[in-house]
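Please keep the sequence and the structure in view while reading the points below.

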Amino acid sequence: MSVETFSTASRVAEQGEGVTLDELGLAARNHGMPLEALRYDLTPTGLHYILVHYDIPAADASTWRLELGGCVEQPLSIGLTELRAMSRQTVRVTLECAGNGRARQDPRPISQPWLVEAVGTAEWTGVPLAALLDLAGVRPDGVNVVFTGADHGFERGVEQDYQRGLSLTEAAEAGAIVAWEMNGEPLPPQHGYPLRLVVPGWYGMASVKWLRSIEVIDHEFTGYQNAVAYRLRRTAEEPGVPVTRIEPRALLIPPGHPDFMSRARFVKPGPVELRGRAWSGWAPVDRVEISTDGGTNWHQAQLDPAPEVDADGNEFAWRGFSYEWTATPGEYELTARAHDKSGRLQPLQAAWNRGGFANNSAHRIPVVVLD
Ligand SMILES: Nc1nc2c(c(=O)[nH]1)N[C@H]1C(S)=C(S)[C@@H](COP(=O)(O)O)O[C@H]1N2
Ligand SMILES: [Mo]
């Protein structure tokens, strides 16, 4: 088999190498959220970004079983009807792909070529993972929880089910839930029908879709998606550090009207309300700044009321912001940056890594203000 059809190593683009047909193939399957959809507090389901590593598996809610086993007192096998009878919870969560921002990195890591649109906010309804673990009774030797999806494929030569591990502490702290509804409807096929994990605050790779098994193990999980794929490294050889929570990011709704090809913006002079949303998986966003000159001068944006944090905790939903800009004829570059309560400030230019992960460089929107 040729290297092209069965690549075994991650690759970084050569200098000046354009987007490849493989990347186009991924981009055509996995769509982002159009930036104008930042206007919605809750992303309409069909506009939420999608990322699927392999194929969307065939699934039937009436026969689906979730197996929970490993280091537990009482292994469980639960169907959807039993799950729906348990006490449910709805959480509003902003989910973002760890590869968001990858395509603008230089050199470009070859993978799903996201610009900045791999994000969406949804309400997920299900049972807290903690309730399921309590029901099974985690034994004292339990260390990690491994979540397995029903999808299967090959990645750099390694055949696998999509699987991710979390430590028991991480899973508990994040308030992970096992969900069967998205925005009040059964999960659509592409978002994990009939059952998925949602790990609030974490990059999307942790939220395993088509969830068929939860296994508590007595050691650290070393499966592909934890030990090989989602790690921050500058060279192929180093072990790197795991990708975990979402770095702060602010995105603006591009103002005015776009050019079809370049998507550059045209705006009429006068007052322009710039609006956007900001989020962080580390702590709530407490400040957003906007620049109209590419990041030389910054202006404080007005924050919308914080998303309501009720008993269920909606801490990881994005927060709206606005800024009144008086546009005068000329060329501008709009940008925004978020700051969160943990003290993290979104950089204009984030550090490069080989996988193109967690790159929260500020996005830039060229705007022409017409005469
Ligand atoms: N089983 C399974 N779960 C998965 C994936 C996958 O390919 N298979 N992709 C992950 C990645 S990388 C992301 S970013 C999110 C995307 O979730 P969404 O498509 O519902 O937005 O799902 C995660 N869960
Ligand atoms: Mo992702």
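1. Ligand 1 is surrounded by 19 residues in this predicted model. The closest of these are His53, Asp151, His191, Arg196 and Lys209. By class, the shell around ligand 1 comprises eleven nonpolar, five polar and three charged residues.

2. His191, one of the closest residues, places a polar side-chain atom 2.6 Å from an oxygen atom of the ligand. The backbone also takes part: a backbone N or O atom of Tyr49 lies 2.8 Å from an oxygen atom of ligand 1, and a polar backbone atom of Ser207 is 2.9 Å from a nitrogen atom of ligand 1.

3. How much of the area that ligand 1 exposes when taken alone does the protein bury? Taken alone, ligand 1 exposes 540 Å², and the protein buries 100% of that. The space that ligand 1 takes is the largest cavity.

4. The UniProt record, an unreviewed entry, places the feature "domain: Oxidoreductase molybdopterin-binding" at residues 53-224. In the model, this span is 13% helix and 40% strand. The C-alpha atoms at the ends of residues 53-224 lie 13 Å apart.

5. Most peptide bonds are trans, and most residues other than glycine have a negative phi. The peptide bond from Asp106 to Pro107, however, is cis, with omega near 0°. Pro107 is found in the loop between strand S3 (89-96) and strand S4 (119-128).

6. A cis peptide bond also joins Tyr193 and Pro194, where omega is about 5°. Where does Pro194 lie? Pro194 belongs to the loop between strand S8 (185-186) and strand S9 (196-198).

7. Trp210 is not a glycine, yet it has a positive phi of about 50°. Trp210 is placed in the loop between S9 and strand S10 (211-217).

Conventions. Residues numbered from 1 in each chain as written. Chains lettered and ligands numbered in written order. Predicted model: local features only at pLDDT ≥ 70, side-chain atom pairs only at ≥ 80, totals over all residues. Heavy atoms only, no water. UniProt positions renumbered as here; feature names shortened; annotations may be inferred. Helix = DSSP H or I, 4+ residues; strand = E, 2+ residues; numbered from the N terminus. Near = heavy atom within 4 Å. Polar contact = N/O pair within 3.5 Å; in protein donor to acceptor, adjacent residues only side chain to side chain. Areas by Shrake-Rupley, 256 points an atom, 1.4 Å probe, with all protein chains shown as cover. 1 Å grid on protein atoms, 1.4 Å probe; cavity = no way out; pocket = protein on both sides within 12 Å on 5 of 7 lines; lining within 4 Å. Sits in = over half its atoms within 2 Å of the grid points. Nonpolar A, V, L, I, M, F, W, Y, C, P; charged D, E, K, R; others polar.
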